[in-house]
There are 2 protein chains.
Amino acid sequence: MSTIKDVAKAASCSISTVSYALNNDKRIPDITANRIKQIAEEIGYFPMAAARNLKKRNTDTILVAISDFGGPVYHELLDGIQHQLAKNGYTMIVSTGVSSNSLLKERSADGAIITDIHITDESLIQLAKNFRPIIVLDRRLHDINIFNMTIDNHNAMLLMTRQILKKGYVKPAFVHGVKDTYDNITRFSGFMEGLNEQNIELHSEYCGNFTKESGIEIANYIIQNNIDLPDIFVCANDEMAIGIMETFQKIGKEIPNDFGISGFDDIELARYVNPKLSSIRIDHFFWGKAIANTVVSLLKKEIVHIEKQQGTLMFRDSF
Amino acid sequence: MSTIKDVAKAASCSISTVSYALNNDKRIPDITANRIKQIAEEIGYFPMAAARNLKKRNTDTILVAISDFGGPVYHELLDGIQHQLAKNGYTMIVSTGVSSNSLLKERSADGAIITDIHITDESLIQLAKNFRPIIVLDRRLHDINIFNMTIDNHNAMLLMTRQILKKGYVKPAFVHGVKDTYDNITRFSGFMEGLNEQNIELHSEYCGNFTKESGIEIANYIIQNNIDLPDIFVCANDEMAIGIMETFQKIGKEIPNDFGISGFDDIELARYVNPKLSSIRIDHFFWGKAIANTVVSLLKKEIVHIEKQQGTLMFRDSF
DNA sequence: GTGAAAGCGCTAACAC
DNA sequence: GTGTTAGCGCTTTCAC
């Protein structure tokens, strides 16, 4: 492995000159700089991140911590973040699980974007004591170094609920995801506000965990216990909705004749299930770019204005 | 930000003692070690990666470079890799686009797993001059520091083709993905071997780029130019197959009555389209774990035995 | 315009 | 069992 010393030796100059040349310091004339760059290239020299980071006390890297790579929701978000970060000269690294914690604590990145329910609020607040900025997408935290960029779940769900009630549904059920998560709480509150506006009572509620499997379990539970059906299931996300749909269809129920159903996220599958699932679409690519811009601005100590990301109602055939 | 010096001061000992204690050196008695750990905890000290990496000349991190986060194929693979890497005390970071190149050149990781068609063979071979190990999943490269862990596309496609021909299809077309990629070349060669075994001629071939959109374009091209249809489209992946299916169905074609179709990868959608798409399933989670194990062994300088990952034929309703 | 040298935060060889 | 110290590869201040 070649170091800056090797380049200096080959170019018969000092290491500081090499460093200046490679970092485009204007003090070095172009002729010299180009010669040095050429030699560095020939030798196959590239500055080592660890050394540069240690000296400069920054990494030009942003960490994105996600819950897992399994969900269908992250792709566009990550692509959007990467796109915009690259434009601004930052490197994006993505991690899950225990890796995220190590990377954060070891300060392997200058900033962090968190959407990982496994990382506790406490650990984030602890981290924020000497790490900034932290952008959280999946919760609301109040700390000088933490910035909340969330989806306006409440509003989107309120609008959706209004449309549902307008269609004449009067026995609505809510299907929760992981109960104490930001997404679930705010989606539920938007739904309840919609119900209250029309003085409609909540018919029933079920608790899943945002997975299709939990939707299947809920449906089976209802079927096996012969529980009175709502006339519409309003679900905290698409995956649970799809699980419920498929399970009821297996025993011959017809949607939306026997009951309606709605989702949230507008995953690709929503357009493939039969009937097509009505849902709420978030432009994740756009949102990702906005998040990246915010991190970059924050890193530059600029003043930022943060708005909740709005959703678009996608009416299809499921209610 | 607290450093090892702060801990040393607080514990009234030298920084080396702190370092030893925190790294569980047996020379430090448990009582002392625990006291120091406790103090470090209170102070909120955590070793800085850049400093440790610089000194130790390794990062305990593995980089996974992928083409993008958009495809449906990577999730399980990444989860599998992360799972097994974490078990062995390694941190996984994932990157795309230009980020991958920087991270690699700057030696931000000890090893790399590459499945990114945007990274050229040349740059990989260049990198391999002083970086090891590099595991490539999407090509075959011969270099002392590069290890090829690929899917046995040829064999899987050969087996699939045999079954197709056994069903009586005689006018088979092949739908290419990005033409000079390893996956496309080997899938095509397996297909051709199957044809040759039975002396069946290739009816026609089309060239897409592994996306659903390219499948749609191909189908539209065929329709608009009124081209003679094959009796089966053998596609280099599911997404193109689904694009083709949907486009022909829009003009009233029925599958598999009017023609058959097959895919590769067995993405989740394959089971949701109508008719359900026959495809070739790769156990990506398992494969990911195998890849991680290989990297870890390589890093420990152990001898590794690498086998191509086999696929499973999933016969459904599309031919 | 260029070079010498300090020092970032750590680990580990060496001394005691 | 603990402390002193060199040095990893860079950037940057300061001197010339």
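Helices (H or I, at least four residues) and strands (E, at least two) are DSSP runs, numbered from the N terminus. The exercises below concern a predicted model, in which local features need pLDDT of at least 70, side-chain atom pairs count only at pLDDT 80 or more, and totals for chains, interfaces and linings use all residues. Residues are numbered from 1 along each chain as its sequence is written, while chains are lettered from A and ligands numbered from 1 in the order in which they are written.

**Exercise 1. Describe the surroundings of Ile113(A): in which strand does it lie, and is it buried or exposed?**

Step 1. Ile113(A) belongs to strand 3 (residues 111-115) of chain A.

Step 2. A residue is buried if 20 or more other C-beta atoms lie within 10 Å of its own, exposed if 12 or fewer, and partly exposed in between, with C-beta atoms placed from the backbone. Ile113(A) has 29 C-beta neighbours inside 10 Å and therefore counts as buried.

Step 3. Two residues are in contact if their C-beta atoms, placed from the backbone, lie within 7 Å. Not counting residues up to four places away in sequence, Ile113(A) touches Ile62(A), Val64(A), Ile81(A), Ile135(A), Leu137(A), Ile291(A) and Val295(A).

Step 4. One of these partners, Ile135(A), is among the residues with the most contacts inside the largest nonpolar core, which has 158 residues. Such a core is a set of buried Ala, Val, Leu, Ile, Met, Phe, Trp, Tyr and Cys residues joined through C-beta atoms within 7 Å.

**Exercise 2. Characterise the overall form of chain A: how many helices and strands does it have?**

Step 1. Chain A contains 12 helices and 11 strands.

Step 2. Its radius of gyration is 26 Å, well over the 20 Å that the globule rule gives for 319 residues, so chain A is more spread out than a compact globule. The radius is taken over C-alpha atoms, and the rule is 2.2 Å times the number of residues to the power 0.38.

Step 3. Along the principal axes, the C-alpha atoms of chain A fill a box of roughly 85 × 35 × 30 Å.

Step 4. Of the 319 residues of chain A, 47% count as buried. Among contacts in chain A with a separation of 6 or more, 72% join residues 24 or more positions apart.

**Exercise 3. Determine how chains A and B are related: what rotation superposes chain A on chain B?**

Step 1. The superposition takes a rotation of 180° with 0.0 Å of shift along its axis, at an RMSD of 0.1 Å. That is the relation of a two-fold axis.

Step 2. The contact takes 40 residues from chain A and 40 residues from chain B. On the chain A side, helix 4 (49-56), helix 5 (74-87), strand 2 (91-95) and helix 6 (97-105) each supply at least two residues.

Step 3. By class, that side of chain A has 20 nonpolar, 14 polar and 6 charged residues. Here Ala, Val, Leu, Ile, Met, Phe, Trp, Tyr, Cys and Pro count as nonpolar, Asp, Glu, Lys and Arg as charged, and the others, Gly among them, as polar.

Step 4. Because 100% of the interface residues of chain A are also interface residues in chain B, the copies meet through the same surface.

How values were computed. Least-squares fit on C-alpha atoms with pLDDT ≥ 70 in both.
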